[in-house]
Each structure stands twice: as structure tokens, then as C-alpha cells.
Amino acid sequence: MKHTLLVAILATASFTMSSCRTMETVSKEDIGTVAGAIGGAWVGQRVGGDNKTLATAVGAAGGALIGRTIGRMLDERDRQRLSASTHETIRTGQPRSWHNPETGVSAKTSVKQTTTQQAQTEVKVLKGKVKEVPPLEFIGEEYSPGGNVNVRGGPGTDYIVVDTLRAGEHVNVVGKVKDKPWYMVSRGGVGSGFVYSTLLTSVPEENRTGDANQDPVPESQVQRAAVSATRDCRVVTQEVTLDNGKTTTEEVTACRGPDGWEIV
């Protein structure tokens, strides 16, 4: 997990600083962008629910998006608060607000627009096990079975059993098969098969563990499959008011992916 977090931070910082010719030309706004990315990644790690790795990525991206504008306005803790409230609004669809009495800064985050989009994308699946990847409605959340259940190579009982989920085991649901009561599930970020939808229930936010406890899948066992996906997207408005009464607004767009919400 520490390695993933570091990669997210360095990748965002590298992308940001690459637009500057020399260190001497780096502005205070640019420094704010990098600081925002680091702060956002830290918050993403703390508040992530659906998937710890993805939450880190959302945190890092959210920090980078707000950093350039607010780098001159907010201190590190307020950037972290804004990243956290933005992440929660993206995830839940509910407005969030906070006030820091020490700095006099207040902020609100709310959903401006929710849309459903069609996208042609790729998902990672296990070679030799997943026989078909039909159109999916992305979910990217953690589910668990009430008892031992079969994982099949495709969305139907005519497909062979390729794995078994144990009672209480947590697994990421990539998405629901369009027009069929089957979920595609994944381990370590790689699609591993399909489970009948009524056999799985969503894990409460406070009990989710993400992929942190799952071993990575060797690349030699992974293949990429094209899939027609339906995904929900949200535009979130950030409204920040400073102690002098000045208000600034920004917008962040995120869409559901196979492992959860992703900044786009």
C-alpha cells in the first residue's frame, strides 16, 4: 500500500512539474499543485472505502485538480479537508460542508450533475478462466457472500466453475452484466469470473478492506478484454470561502470504473 501511495504522489508531482522549464520558474501556484496532490493522496488513503488503492488515486487527482487554484489560498490541512469532502460527495452523491475556525475557511461540495455514459474500455481478466466479458454496468464496490458460492467463467450456470468465494469473504464487484442478474468479480484488480447477483451483498463502508489484503496477480496470468461499459459520472462543485469573504468555485468530474470512482 505504501508503494502504491508513493507512486500516486510521485506520478502526480512529476506530471505537474514537467510543465515547468526550471525550478527557478516554478510559481507558488505550481508548488500548491504538488502540495495539493500529496495532501490529496494522504486523505484518499484515510477516507477510501470502495477500494483503498483507487481512493488514493482519487485523493491524489483531486488534490492536483484543486491545488493550482487554491495553492495560494489554503493551508495544507484545509486542502486535505477539501479533498476529503470532495471524495465523499463523489462517492455518496451527498453534499458535504466544513468550517475551520482556526483559519476562518469554509467549504461546500455538492453534485452539480449526474449522467450515465457509454464507454468502450478495457478490463483485466484472468487468462483461461474468464471466457466472456459481456457489456457491463460498472459498480466498483466491495461485496461479500452469505455462504460459499461458485464463481463461473461466464454469466450463466452453463459456464464451468473457476473459483469459489467463502462465506464472509470480501470481493470487488467490477459491474453487473447488462440485462442479466450476474456480477463480474475481481481479485487484486483482475476480473476472476461471475457470480449470481442475489448471492452477494454490499459490504458496509466501515467494514471494507479494499485490495490491500490481496496478493497481486502475475502479469503472465492476465489478459485485457475490450468491454462495452455503462458508467455513472458526477460533476462536483467545490465552493470555498476565505476568512475575508472571498468565494472561489471549482468543478471536479469523476466516473465509476471497474475498481470504483475515478477522476476524469
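On a 1 Å grid over the protein atoms alone, a pocket is an open set of points where a 1.4 Å probe fits, with protein on both sides within 12 Å along at least five of seven lines, and its lining residues have an atom within 4 Å of a point. Keep that in mind, as we'll come to a pocket at the end. This is a predicted model, in which local features need pLDDT of at least 70 and side-chain atom pairs count only at pLDDT 80 or more, while totals for chains, interfaces and linings use all residues. Residues are numbered from 1 along each chain as its sequence is written, and side-chain values use heavy atoms, with hydrogens and water left out.

Let's start with helix α4, residues 76-92. Helices here are DSSP runs of H or I with at least four residues, strands are runs of E with at least two, and both are numbered from the N terminus. Most of α4 is covered, with 13 of its 17 residues buried. Buried means under 20% relative accessible area, exposed means over 50%, and partly exposed is in between (1.4 Å probe, protein chains only). At the start of the helix, a side-chain oxygen of Asp 75 comes within 3.3 Å of the backbone nitrogen of Arg 77. After α4 comes Gly 93, with a positive phi near 80 degrees.

Now for the strands around β7. Two strands count as paired if DSSP finds at least two bridges between them. Strand β7 (residues 182-187) has five of its six residues buried. It runs antiparallel to β6 (residues 171-177), joined by four bridges, and Asn 172 stands opposite Ser 186 in β7. The hairpin of β6 and β7 has four residues between the strands, and there Asp 179 takes a positive phi near 65 degrees. β7 also runs antiparallel to β8 (residues 190-196), this time with six bridges, and Trp 182 stands opposite Tyr 196 in β8.

The loop between β7 and β8 holds Gly 188. In this hairpin, with two residues between the strands, Gly 188 has a positive phi near 55 degrees. Its relative accessible area is 26%, so Gly 188 counts as partly exposed. The C-alpha atoms of Gly 188 and Val 217 are separated by 6.2 Å, although these residues are 29 apart along the chain.

Further along, there is one disulfide, meaning a pair of cysteine sulfur atoms within 2.5 Å. Cys 233 and Cys 255 form it, with their sulfur atoms 1.9 Å apart. The pair links distant parts of the chain, 22 residues apart: Cys 233 is in strand β10 (residues 222-241) and Cys 255 in strand β11 (residues 247-257). The link of Cys 233 and Cys 255 is right-handed, with 110 degrees about the S-S bond. Cys 233 is buried at 3% relative accessibility, and Cys 255 is buried at 2%.

Finally, back to that pocket. The second largest pocket is lined by 14 residues, and Lys 124, Gly 188, Gly 189, Val 190 and Asp 259 lie nearest its centre. β2 (105-126) and β8 each supply at least two residues of this lining, with the largest share, three residues, coming from β2.

Definitions and conventions. Expected span 1.5 Å × (residues − 1). Polar contact = N/O pair within 3.5 Å; in protein donor to acceptor, adjacent residues only side chain to side chain.
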